[in-house]
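I opened this notebook to record what I looked up in one chain. The entries are kept by topic.

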Amino acid sequence: MPLSHLSHRSRFAGALATAALAGVTALGGTAAYADTTVTNQPAATLPTPPVPANLPAAIEPLQPYVPQDSCDPADKPGVQAFANLLMATYKDSGSYGISTACIPGDVSEHHEGRAFDWKMSASNPGQVAEVNALLDWLLKPDAAGNQAAMARRFGIMYIIWDRKILGTYRLSDGWRAYSGVDPHTSHVHFSFSWAGAQKRTSYWTGTVAPVDYGPCKVEGLSFAPQDDGTPNPTACPRVTTSFGPMPAGAPAYLAALRTWSGVILRQGSSGPAVTAVQQAIGTTADGAFGPGTASALQAWQTKKGIPASGVTDVATWRALLGQPAPAPSPAPAPTPAPSTPPAPAPGTASTPMTEPRRDWQRPRPAPYASRPVHSRPAPPPLTAPAPALPPYIAGGPAALQPYSTTTLQVGSSGAPVVALQKALQVTADGAFGPQTQGAVQKFQSAHRINPTGIVDAVTWRALMRAALLDPYRTMTLQVGSTGPAVSALQQVVGAQPVDGQFGPATKAAVLAYQQSRGLPATGVVGLREWLALGA
Ligand SMILES: [Zn+2]
């Protein structure tokens, strides 16, 4: 049973109650709350991360809400370090990861490597207690009465857990109801400020980091450039980009250019944004930004009269989109940004609107079965409706493996049935009844297995394969792609080594697979390939 609404919402208040139990009165933020080891509190028996000896007396301010506005899915060091700290402190916890591929229109700090999904289950009482211990530790006041002291020293911006969200920019509101698609009962989401993400905050450095507003979008482009590590002390002006209808006769790649505009592409970049740029500058459109693309881009830049940087900087995007460069004279400035844009006030109307309504998804959830979420989809104007996907098999293959020699059918019960039900995302009551049978038949039909409703060796194998692949089935992989999706692909196409790096050997294995299945030999893995492979 998950925590009750009340106890959850009042977790922050709980820290104050803890102080009261310790015989200390916590009032008005000036309380002498000194004791962190409180007896008679279950949480006190659980470990919390170490507190560095060199913490300064000063502390970071409560972080403002600075949402994702660049496309930069590389894990940031402060987030990695925080993830490692939690997993070292709570050995039974895990990670659902940090970075995810950018999805145009989906605002999530995961797309900037600024968010961590801590794998903890709200239906596991032991893990709930551990999450509570950690959250209490993060959110209680320190000896000087600084609220949410440790959260500030990490630069935490907001936390989502078990249908609740707490933003440091709205701390006085405490835990609020979270209505995103994913209830966050399989993980705790932490989003970090740029200072926290870049590991510049006082927990790590012993020195208080000023607020860093990160990279700012520019007028007329969809994404801000990637963060270059230089702190930005000024809130970004609010920029809304709308391109209007496609001009008649516009090339098809213009839609993709608009979608990805602003992303700094350079040698080593890959994916649909690179493909669109390659098409626009008239070089081989293979989606991989190599030396050939760099020199083609430099020649194109020279022809357009802009600096031959060989990267897609702002001037290049404007030229690619056919936008006029901003007028150099101060007279009719097209971008009347205030010189000192005001920071968004906590709790303003913009805050709830711009907060993420859904977190991106990893190895779970039924609601996602029919919607590709962590993909890099083609831009909306060009996208055909997503094909219906087979049921999503959750939890990974390891949870199924121990039971894969046990035949299950109506009337079966126990741990193997629970594992099966969790994978199929039906009620995990351990009793194989009609609901489970129906879900098995649906899975079998979708995977071209005779829909008997009986989980035999063939069905177990298909389930484990789907469980391995399903987290990635909406991603596009090609030469240059890296990460766990590539490792999973390498396992099923027999590419060696399984190292998570999509190189020539993996491409060769994919080509061989495509040919063996009568698929177009592209060397690129998209939904068609994932489904053929058993996702
Ligand atoms: Zn998340």
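The entries below go from the whole chain to single residues.

**Basis.** I worked from a predicted model, in which local features need pLDDT of at least 70, side-chain atom pairs count only at pLDDT 80 or more, and totals for chains, interfaces and linings use all residues. I number residues from 1 along each chain as its sequence is written.

**Whole chain.** I found 18 helices and six strands; helices (H or I, at least four residues) and strands (E, at least two) are DSSP runs, numbered from the N terminus. Of the 535 residues, 42% count as buried. I call a residue buried if 20 or more other C-beta atoms lie within 10 Å of its own, exposed if 12 or fewer, and partly exposed in between, with C-beta atoms placed from the backbone. I then looked up contacts, where two residues qualify if their C-beta atoms, placed from the backbone, lie within 7 Å. Among contacts between residues at least 6 apart in sequence, 59% join residues at least 24 apart.

**Helix α9.** I asked how many of the 10 residues of α9 are buried. Nine of them are, so the helix at 272-281 is mostly covered. The buried set includes P272, V274, V277 and I281. These buried residues of α9 pack against α8 (253-260), α10 (291-304) and α11 (314-321). Just after α9, I noted G282 with a positive phi of about 75 degrees.

I took two strands as paired if DSSP finds at least two bridges between them. β3 (residues 156-161) and β4 (residues 164-167) run antiparallel and are joined by four bridges. Y158 has G167 in β4 as its bridge partner. The two strands form a hairpin with two residues between them, and D162 in the turn has a positive phi of about 50 degrees. β4 also pairs with β5 (residues 176-177), in the antiparallel sense over two bridges. There I found A177 of β5 as the bridge partner of K164.

**Helices α13 and α14.** I asked at what angle α13 (residues 415-424) and α14 (residues 434-446) pack. The angle is about 60 degrees, and the axes are 10 Å apart. Axes are lines fitted to C-alpha atoms, for helices over the stretch in contact, and angles run from 0 to 180 degrees between N-to-C directions. The pair is therefore oblique; angles under 35 degrees count as roughly parallel, over 145 as roughly antiparallel, 65 to 115 as roughly perpendicular and the rest as oblique. L420, Q421 and L424 of α13 make the contact with T436, A439, V440 and F443 of α14.

**Backbone in the loops.** H184, in the loop between β5 and β6 (187-192), has a positive phi near 60 degrees and is not a glycine. Is H184 buried or exposed? H184 counts as buried because it has 20 C-beta neighbours inside 10 Å. K199 lies in the loop between α6 (194-197) and α7 (202-205). Its phi is positive, about 65 degrees, although K199 is not a glycine. K199 has 20 C-beta neighbours inside 10 Å and therefore counts as buried. Lastly, I noted a cis peptide bond from Q496 to P497, with omega near -10 degrees. P497 lies in the loop between α16 (484-493) and α17 (504-516).
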